[in-house]
Amino acid sequence: MFLTLPLHPLFVHLPVVLIPLATLGVIALVLLKRRSQQLSLAVLGIVVVAALSSVASYLSGKALAELKGFTPATHERWGLFMMIAALGLLAVAGPWLWKVAKKGDHAQTRRQPLGLAAALVGVIATVFTVLAGHSGAELAWSDATSGKSETTTSPSTSAAPSSAAPSESAQATTYTAEEVAKHNTAEDCWSIVDGNVYDLTDWVNQHPGGAGAISKMCGTDATQAFQGKHGGAEGPAKALERHLLGPVR
């Protein structure tokens, strides 16, 4: 935790950006006829930070899962593969990039088997990064305490009240956009999605991607934002349904 925030959302975006960027840098150095020492050192730095951030992302993700009392099986598996591949990229590309940085234009990079191997490992790491990112996005809107499919609920963990299915009386109640607009803070967060009102108050601080993504929806019609991010995804739709208050009139 840092300033009461989970560390995972702070770390998770680094490897998602840096691993593909490092891979592109390695491929560029393999293909370029003239090698820049500065570019080689820059790519080496990106590879190092990408590997370290992947470790931090994986460990902080495990800590967040323990804090919430659940195990995101698929996301954790892809995160582990991403970390291993990123460390492999560092092990293979690091020595080669350092050699290129020292020799510059004199290094026959295109003929270096180590450079080609580094590019291949980078592509594999990028694939795992995409899979980890996709499963994380799905998890962000899944019910962290449901114990269904991708999660295993701890015996000591009970479902939050807001995650319970809405009662028939709650479904029968209708709301106005003006009423929703009054609930526009993280401490009292209602939102409209596809003509229905949802109370997302309890979900704001539980959101694995950070509270900011939910707090922006408070008091507004967030249909476009939700569909743009999660349109067609079954997990987010089911998670959202658990917070239903009723339709907009």
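**Entry 1. Helix α3**

I began with glutamine 38, which lies in helix α3; I take helices (H or I, at least four residues) and strands (E, at least two) as DSSP runs, numbered from the N terminus. The model is a predicted one, in which local features need pLDDT of at least 70 and side-chain atom pairs count only at pLDDT 80 or more, while totals for chains, interfaces and linings use all residues. Residues are numbered from 1 along each chain as its sequence is written, and side-chain values use heavy atoms, with hydrogens and water left out.

I looked up the accessibility of glutamine 38 and found a relative accessible area of 59%, so the residue is exposed.

I record leucine 52 as exposed because its relative accessible area is 56%. Together with Val48 and Val49, Leu52 makes a nonpolar surface patch of about 230 Å². A patch is made of residues with over 30% relative accessible area and no salt bridge, where like charges are joined within 9 Å and nonpolar side chains (Val, Leu, Ile, Met, Phe, Trp, Tyr) within 5 Å. The salt bridge excluded here is a side-chain nitrogen of Lys or Arg within 4 Å of a carboxyl oxygen of Asp or Glu. The areas come from the Shrake-Rupley method with a 1.4 Å probe, and for residues only the protein chains shown count as cover.

I placed isoleucine 27 in helix α2, residues 13-31. Its relative accessibility is 29%, so isoleucine 27 counts as partly exposed.

Glycine 122 is found in helix α5. I list glycine 122 as buried because its relative accessible area is 0%. From glycine 122 to alanine 22 I noted 7.4 Å, C-alpha to C-alpha, at a sequence separation of 100 residues.

**Entry 2. Aromatic pairs**

I searched the whole structure for aromatic pairs and found four. Rings of Phe, Tyr and Trp (its six-membered ring) pair if their centres lie within 6.5 Å; planes under 30 degrees apart count as stacked, over 60 as edge-to-face and the rest as tilted. For phenylalanine 81 and phenylalanine 128, the ring centres are 5.4 Å apart and the planes stand at 45°, so I class the pair as tilted. The pair links distant parts of the chain, 47 residues apart: phenylalanine 81 is in helix α4 (residues 73-103) and phenylalanine 128 in helix α5 (residues 113-140).

Phenylalanine 81 is partly exposed at a relative accessible area of 32%, and phenylalanine 128 is partly exposed at 21%. Ring pairs also bring in Trp78, which forms a cluster with Phe81 and Phe128.

**Entry 3. The disulfide**

How many disulfides does a search of the whole structure find? I found one, taking a disulfide as a pair of cysteine sulfur atoms within 2.5 Å. The bond joins cysteine 189 to cysteine 218, with an S to S distance of 2.1 Å. The torsion about this S-S bond is about -100°, so the disulfide is left-handed.

Cysteine 189 is in strand β4 (residues 188-193) and cysteine 218 in the loop between α9 (212-215) and α10 (223-230); the pair links distant parts of the chain, 29 residues apart. Cysteine 189 is buried, with a relative accessible area of 0%, and cysteine 218 is buried at 6%.

**Entry 4. Aspartate 194**

I placed aspartate 194 in the loop between β4 and β5 (196-199). Aspartate 194 has a positive phi of about 55° although it is not a glycine. Its relative accessible area of 47% makes aspartate 194 partly exposed.

In α10, I found Thr223, Phe226 and His230 to be the buried residues. They cover an arc of only 75° around the axis, which puts them on the same side of α10; the arc is that of the directions from the helix axis to the C-beta atoms. Gln224, Gly228 and Lys229 are exposed on the other side of α10.

In helix α11 (residues 234-241), I noted Pro236, Ala239 and Leu240 as buried. Seen down the axis, the buried residues of α11 fall within an arc of 100°, so they line one face of the helix.

Methods
Buried means under 20% relative accessible area, exposed over 50%, partly exposed in between (1.4 Å probe, protein chains only).
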